Amino acid sequence: PILSPISPTVHALFAQGQWLGIQPNVITKVGDSLSADHLYLEPMARGDHELGAYDFLAPALDYYGASAAPSVAARVGMTSYVIFDPMWADAEHCQPGETPLACEYRLRMPAVSFIMFGSNDVMRMTDEQFDVQLRLIVQETMARGIIPVLSTFSYHPESALWWQSVNFNRRIIAIASEYQIPLINLWAAARHLPRYGLDVDNIHLLHSGWEHLKFSGGDEAWYGATLRNLLSVAMLEQIRQSLG
């Protein structure tokens, strides 16, 4: 499915997180430039959404929206390796020796973490190495009582590393299934979009040009960035309803 169902593991993680002091209505994002993009999730904090037929997602925006903000664990050029490297930590906000991932989780104490790696990693490591690193990220997230939401990534079939990207996405799906954590299958959803939802560089997602969340004009059928925001908000609503 494009959005995986919510498993009992998510309920257990949420209960653990409550005991550890997580903020139930706080979210964060972890990843490379595709996640660092200020138009990913951050427009949730605005009040000028145009939901159209997706008005049933309004409760998720009301509940989680105010927490959507930049993340010290989402940076341009970041990979699943350097997320554990203190050299990549924000010196202004992080403690000495603290990794970007640990720093973001300490600062935000989020209930949900949207995690997407792949577009940078596919150029630097094998799918076996990527598997190891993504598992470490998932394990640290779950150990803190935070719900990890994994996402596959879109890639262009004419790119030189196409088959490697397929292998990476298979690893992401397998890990989500193994740990019974939420998955957004952006790769599958974007297959129906022009240029697979990608910009001219075949890496970054194409933007509609709107600064706010606008799902009322069918942009999710044309722009990868709009589609990703829509799927992320829809996943949040699934989680919110499931946790009750």
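A charge sits over a ring if NZ of Lys or CZ of Arg is within 6 Å of the ring centre and within 35 degrees of the ring normal. Arg191 lies in this way over the face of Trp187, at 4.6 Å from the ring centre, and Arg228 lies over the face of Tyr40, at 3.6 Å from the ring centre. This is a predicted model, in which local features need pLDDT of at least 70, side-chain atom pairs count only at pLDDT 80 or more, and totals for chains, interfaces and linings use all residues. Residues are numbered from 1 along each chain as its sequence is written, and side-chain values use heavy atoms, leaving out hydrogens and water.

**Aromatic pairs**

- The whole structure holds seven aromatic pairs (ring centres of Phe, Tyr or the six-membered ring of Trp within 6.5 Å; planes under 30 degrees apart are stacked, over 60 edge-to-face, the rest tilted).
- Tyr54 and Phe56 form a tilted pair, 6.2 Å centre to centre with 50 degrees between the planes.
- Ring pairs join Tyr54, Phe56 and Phe215 into a cluster.
- Phe130 and Phe168 are stacked, 4.5 Å centre to centre with 20 degrees between the planes.
- Phe130 is buried at 0% relative accessibility (buried is under 20% relative accessible area, exposed over 50%, partly exposed in between, with a 1.4 Å probe and protein chains only).
- Phe168 is likewise buried, with a relative accessible area of 0%.

**Helix α1**

- Helix α1 covers residues 8–20 (helices are DSSP runs of H or I, at least four residues, numbered from the N terminus).
- Its buried residues are Val10, Leu13, Phe14 and Gly17.
- On the other side of α1, Pro8 and Trp19 are exposed.

How values were computed:
Helices (H or I, at least four residues) and strands (E, at least two) are DSSP runs, numbered from the N terminus. The expected span of a helix is 1.5 Å times one less than its number of residues.
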